[in-house]
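Please read this briefing alongside the sequence and the model.

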Amino acid sequence: MQMHVARRLSEAIGSWLHLEFCCYRAGLFSESSLKAAVGQVLSSFPISARGARVHADFPHELLNPKPKPGRKRELDFALVLTGNGLPKRNAQIVVEVKWAGSSHCTPEKIFTDFIRLAEIKRGDPNTTCIFVVAGSHRKISSLLKKMPFTSTGKRNFGIGISGNEKRLKPDPANLDHRDCFSSSIKNLSSSGFSIPESIMCQSHGLHPLQSGGDTIEFQAIAWEVKSISNTQLDPARW
């Protein structure tokens with residue numbers, strides 16, 4: 001059975017983290033240290049276009065709808081055919097990565113990454129869009145209990161970790177949603193993004209699974225942005 005892209009990434013990254021931990025190299029862990037592991041896994045996928053390669057910090061066109069001075073918005077990783085005269089889009093796989101516990105791994109920034117991936121899924125529907133979180137077991141466990149993975153209200157509209165498809169549906173009437181999502185929605189909308197009313201996501205499990213003796217120190221988990229709604233959010237309501 002072919003392993004799903006998100007599962008393959010989370011299992012490979014989680015296994016690599018455990019190997020490095022067993023080799024007493026955990027002190028080197030950070031978001032940037034994941035570059036080698038993610039790059040190796042993505043480079044192992046069969047390419048759909050001859051010449052496609054894995055690129056880090058890829059300035060995807062769909063993340064830069066409005067021309068502006070300075071550095072362009074970039075994806076953490078993209079498996080894509082690129083070069084002179086070729087558009088910087090139509091990637092086979094794109095990946096955003098966060099290290100649990102870092103200053104970059106906040107609920108607001110996680111939500112922003114999912115919206116960025118949703119923007120790519122809208123414009124390039126054949127692209128597989130993946131979000132990965134890696135880090136210590138304790139910090140990941142704490143992170144997954146918060147927004148945007150879980151949500152208060154009559155129904156849980158969070159991203160979820162169950163392994164089932166889950167619809168993230170920001171609600172401006174929900175105070176937790178306003179606190180977590182408002183700034184990202186306003187900032188991205190002003191930059192030319194169309195924010196979907198909902199995003200369908202699916203997680204592919206923590207790896208390695210925690211043992212009975214709590215011997216697993218580091219884990220990874222990944223989600224795929226499966227689809228987005230045709231309707232858009234009204235930024236004025238946020």
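Predicted model: local features only at pLDDT ≥ 70, side-chain atom pairs only at ≥ 80, totals over all residues.

Residues are numbered from 1 along each chain as its sequence is written, and side-chain values use heavy atoms, with hydrogens and water left out. Helices (H or I, at least four residues) and strands (E, at least two) are DSSP runs, numbered from the N terminus. Buried stands for under 20% relative accessible area, exposed for over 50%, and partly exposed for values in between, with a 1.4 Å probe and protein chains only.

**Salt bridges**

- A search of the whole structure finds 10 salt bridges, a salt bridge being a side-chain nitrogen of Lys or Arg within 4 Å of a carboxyl oxygen of Asp or Glu.
- R25 and E20 form one of these salt bridges, with the closest N and O atoms 2.8 Å apart; R25 is partly exposed at 35% relative accessibility, whereas E20 is buried at 11%.
- D57 and K35 form another salt bridge, where the closest N and O atoms are 3.8 Å apart.
- Because D57 lies in strand β1 (residues 53-58) and K35 lies in helix α2, this pair ties together parts that are 22 residues apart in sequence.
- Both partners count as partly exposed, D57 with a relative accessible area of 34% and K35 with a relative accessibility of 41%.
- R122 and E119 also meet through their side chains in a salt bridge, at 3.8 Å from N to O.
- R122 and E119 are 3 residues apart in helix α3 (residues 107-123), which means that about one helical turn separates them.
- Within this pair, R122 is partly exposed with a relative accessible area of 29%, while E119 is buried at 10% relative accessibility.

**Backbone features**

- The peptide bond that joins M147 and P148 is cis, with omega about 0°, and P148 is placed in the loop between α4 (137-143) and β5 (165-168).
- A cis peptide bond also runs from H207 to P208, with omega near -5°, and P208 is placed in the loop between β6 (199-203) and β7 (218-228).
- Y24 is not a glycine, yet it has a positive phi of about 60°; Y24 is found in the loop between α1 (5-22) and α2, and it is exposed with a relative accessible area of 80%.
- D57, the salt-bridge partner of K35, likewise has a positive phi, near 50°, in a residue other than glycine, and its place is in strand β1.

**A position in helix α2**

- A36 lies in helix α2 (residues 35-43) and is partly exposed, with a relative accessible area of 44%.
- A36 and I13 are 23 residues apart in sequence, and their C-alpha atoms are 9.7 Å apart in space.

**H177 and its surroundings**

- H177 is found in helix α5 (residues 175-190) and counts as buried, at 1% relative accessibility.
- The side chain of H177 makes a polar contact of 2.6 Å with the side chain of S151; a polar contact is a pair of N or O atoms within 3.5 Å, where within protein one must be able to donate a hydrogen and the other to accept it, and where residues adjacent in sequence count only if both atoms are side-chain atoms.
- Leaving aside neighbours within four places in sequence, H177 is in contact with M147, S151, F157, K169, P170, D171, S182 and W238, contact being defined as heavy atoms within 4.5 Å.
- M147, listed among those contacts of H177, is also the residue joined to P148 by a cis peptide bond.

- β5 and β6 run antiparallel and are joined by 4 bridges, and R167 stands opposite M200 in β6; two strands pair if DSSP finds at least two bridges between them.
- β6 also pairs with β7 in the antiparallel sense, over 5 bridges, and C201 stands opposite V225 in β7.
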